[in-house]
Amino acid sequence: MNSILSWLRIHWKKILVFSLKLVFIVSLFVLLFRPETFGLSEDLFRDITPQQLWHDLKTIDPGTAAVWFGFAVAVKLGGIFAGVVRWRILLRAQGVHIPFWYLTKCWFWGRAIGLVLPGTLGLDGYRLVESARYTEEPIKCATVIGVEKLTGIIALFSLVFLTLPLGLRLFDINLVLLGLVLAVLATFIGVSLLLLLQPRVIQVFIASLPLPGAIHEKVNKLGVAATAYSAHRGALFRALFFGLCVHLGICLMYFGTASAIRAENTGILEILFASPLLIVGSVFAPTVSGMGVREVVMTTLLGGVSSGSQALLFGHLGLWFGEVIPFVLSIPLLLLTGRPKREDLAEEMAALREKIGTGEEAALHLDEGELAFYRRKVFGTLTAGTLAGLVAGACIGLVEAEWIETTLGNLSEAGMFAWAVVAYGLIFGAVGKGVAFGLLFLYLLTNRFASVWWTYGLAFAGTTVVGGMVIGLFRLRRDVYDGHMPDLSGLLQLGALVASVAIIGGFLLLFGARSVARRSGENRGVMCTVGVVAYGLFVGLGVLLGIIHQTAQPAPTGGVAITTSTGPNLILIAVDTLRADYLPAYNPNIETKTPELDAFLQDAIRFEKGYSQASWTKASFGSIFSGMYPECHTAVTKTASLPEDVETVAELLRGGGYYTQGYANNPNITSVFGYDQGFDTYVDMKKAIHFGATPSAARLSMYEVLVKVREMVNTRLGRAIAVTDYYQPATVVTETVLAWLDSDRVPTERPFFLFTHFMDPHDPFMDPDAPGGGYGRKRMGNPDPATHLDGMRRAYIGEIEYLDRELGIFFDGLKARGIYDDAVIILTADHGEEFHEHGGWWHGQTLYEEQTHVPFLIKLPGNAQGGTVNTDFARNLDIAPTFLHFAGVQKGKMMQGQALFDESGAATNHEIGYSYAENNFEGIVLQALRSESHKLIRANEGNKRDLAPLELYRMDTDPEEQENGVESDGEGAAVDRLNEAIDSYLKICEENAVEPAAPAMMDAETAGQLESLGYLE
């Protein structure tokens, strides 16, 4: 017992690591067979079940399988012997001789040990121990293993580079992305080859590291051993060739296993595409002998070509033919062979060294003088690059900040200038260091170092080119070309501008560094101090520019009322994504509890048939603010703005003597898109800001990059969703609005129009029990209803109940301030939400009832008619005329809605015979017309939701719109009547539409918020 405990104490780390590997492997197989365990769709890997795997095995033809399995074994053994040959070539180039038969034995035994160790650790470790023990050359043997790994990696990535384009046959791969990946691979392969052919670079760099003496001596010997290959480059090229043969052997082995089971549509080209990626995964993943990885990779890449079970099967068979059979062959090698005699090895190694001329190694060592020289040059180059990158980043940040201030404007403060200098300096300081590494690589290749001032200038120029082109393309694409790549002319202009700045700035920095170097006698401390001071001056410049631009911002005047008004205060409460049938007021059977709204209903009129005119935010709010149909106000696309020609309710009310205050909580209706028209003050309630940035700094492109990195890290770490990363929750909205009501900014001499926007219950629906703490469109896409529907509905209801509590606080706040009783309050939603009632999720893609039927509540002054129900249509485009009616302001000339009350206070909406809605979102173009008894929906051909061109529903007998009756007997007249009515609405919009505004130039923050909410890809 004690011996067992002692063994466990010694080996606990190995046991822990191995256990973690096993957990990883088990998780991969659970992922394959039960992806729903990880919150994924259960049909992610299609038909993979134990029964299907057994069926595929039983249908294998024994004769065909025997031939192809034999082929798989043969090519795998060929690859193994290619690896042995490569090892021998590299050993002999170091003057180390080991008989080929013994190398073969060590290789097979290493592979056998590697069955239970990650990657190639067992193979490499065993070979290193055996070769070092019998040659007494541990440094050289370790170098051989290291160089062999490098040649193997170069060969592997060269194979990936050559075969990756074959994926175009299988997937719809973005050609630009493919080109970038291939460029990165080509760069890696090229740099690795240069290092392989000039290993002195490695020696010098390693020797320059500040290491303790004993360690440094061993590292220096390792560098000497690597440098020995400089005289044997032919051996390196031969090793590369045989390394390629090793990987090709594995690829052909999988071709053999796929052919053995007759995997459909899986030929040599498909295998050549998938196998190199499988090898990459097996080498770098934390697994044992590639188990789990090979199956997941093959199923993911080729499961759509052949069946998922076949892809898993021929991937898994690689374990048997690639690992188990070599293990079986290692047993007779162990039993029938011994070890070579050390005396014979010594004689043969001496003869080999004399033949290849490696007996004299003194010239390969670095003396103390050389070490001091190289250390000074290495650290001087890296320091110069970092400082140049700091300055270049500061310049790039200031230029982008000035661009944003000039082109986008709408800045409430100008802290982005100082933030840009600091953040961009730190970010591009790292880029400058990367450029310096590249320069250092070239210097060491040629063994010639440029003067430090040249490094400053070149690093600045290189950093400016990289940063200027990346950020310049980003800004041009978003701010000038409406989300499209710039044309050739735009690219040339950008390139010329960036090149000019890089060259001019590079030479200025070069001459400045040269002057400082000469005056200080090239004192490194002085040069570093001057560089830091120069960067500090840029920080000061950023602060100064922020002050200047802040001072230049005109102070808000609060607007000038054209006349005075004695009308009541008007309050619009808009709730995003709230469908009517999830409120007990509209659906007594729903489990949602809304006591505060129920209490409000005692003071308000509930309109039973409240309808929105679109099923996504921008188009719907355009109708709410303008009283116009979406195609008339034209703000119907993702980049569209509300045109200035549109008469908004805020503009008309302000002209009629009202103070107008608005709070927008969805990026689609922020001031960037013109929804602030007519508001004296319009507050864009942004999502949470991180990294010490100010609201203006959040518009910078690199801020958005940092936020995306943060989101990715949080997702990988399994951190819960933070709703403030998407929008401001109801608590913040309530507190903000009530704080405004308590401030001295509320006019006392005239009434106000207050627009307040609650984003709850827009996704993400917060739920602590859900994966990641909530359900969001951005994270989930189209989830599996069997797995997520119930949880998503519960979370949505939870959001509504949270909103209800906050609305109660808001109403109590209005009452406490004496505002509630005499005010006109309209509460509605811009659209609803879909929970797979018609095969989809979220909103914006259909015009069914779950998307367009919204709550519609109006509280009149003195709570007149409170607690009553109106059963006629009330549309969101009637909101603006209704507010204007109570304000005593004439309805706008372009408004197509109508006031819902007359002068006596009686409802007028009995005159409304239809509710019309339309949508033009993500290529889905829809029109829908709702009458008392019917609903007709028209859709464009080929829409991505596969909606029928024409749908008719009887709302009295089929309120959930499940039975399309467009072809039903007796419905022809209804179809014709509603079709004609839709045509008349389209004609109205065609004849009365305003001129569309130019696409909005979105800042990075707005675009990022839209993307996080699922509105942008």
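**Close-up views of salt bridges in a predicted model**

**View 1. Aspartate 956 counts as partly exposed, at 46% relative accessibility.** The model shown here and in the following views is predicted. Aspartate 956 and arginine 954 meet through their side chains in a salt bridge, with an N to O distance of 2.7 Å. Arginine 954 has a relative accessible area of 31% and is likewise partly exposed, because that class covers values between the 20% limit for buried and the 50% limit for exposed residues.

**View 2. Arginine 475 and glutamate 400 form a salt bridge.** The closest N and O atoms of arginine 475 and glutamate 400 are 2.6 Å apart. Arginine 475 belongs to helix α17 (residues 452-480) and glutamate 400 to helix α15 (residues 368-407), so the pair ties together parts that lie 75 residues apart in sequence. Arginine 475 counts as buried, with 4% relative accessibility. Glutamate 400 also counts as buried, at 3%.

**View 3. A salt bridge joins the side chains of arginine 750 and glutamate 749.** The N to O distance in this pair is 3.6 Å. Arginine 750 is buried, its relative accessible area being 14%, whereas glutamate 749 is exposed, with a value of 57%.

**View 4. A network of salt bridges links four residues: Glu849, Arg930, Lys935 and Glu961.** Side chains that carry opposite charges can pair when their charged atoms come close. A search of the whole structure finds 17 salt bridges.

Conventions. Residues numbered from 1 in each chain as written. Predicted model: local features only at pLDDT ≥ 70, side-chain atom pairs only at ≥ 80, totals over all residues. Heavy atoms only, no water. Helix = DSSP H or I, 4+ residues; strand = E, 2+ residues; numbered from the N terminus. Buried < 20%, exposed > 50% of the residue type's maximum accessible area, 1.4 Å probe, protein only.
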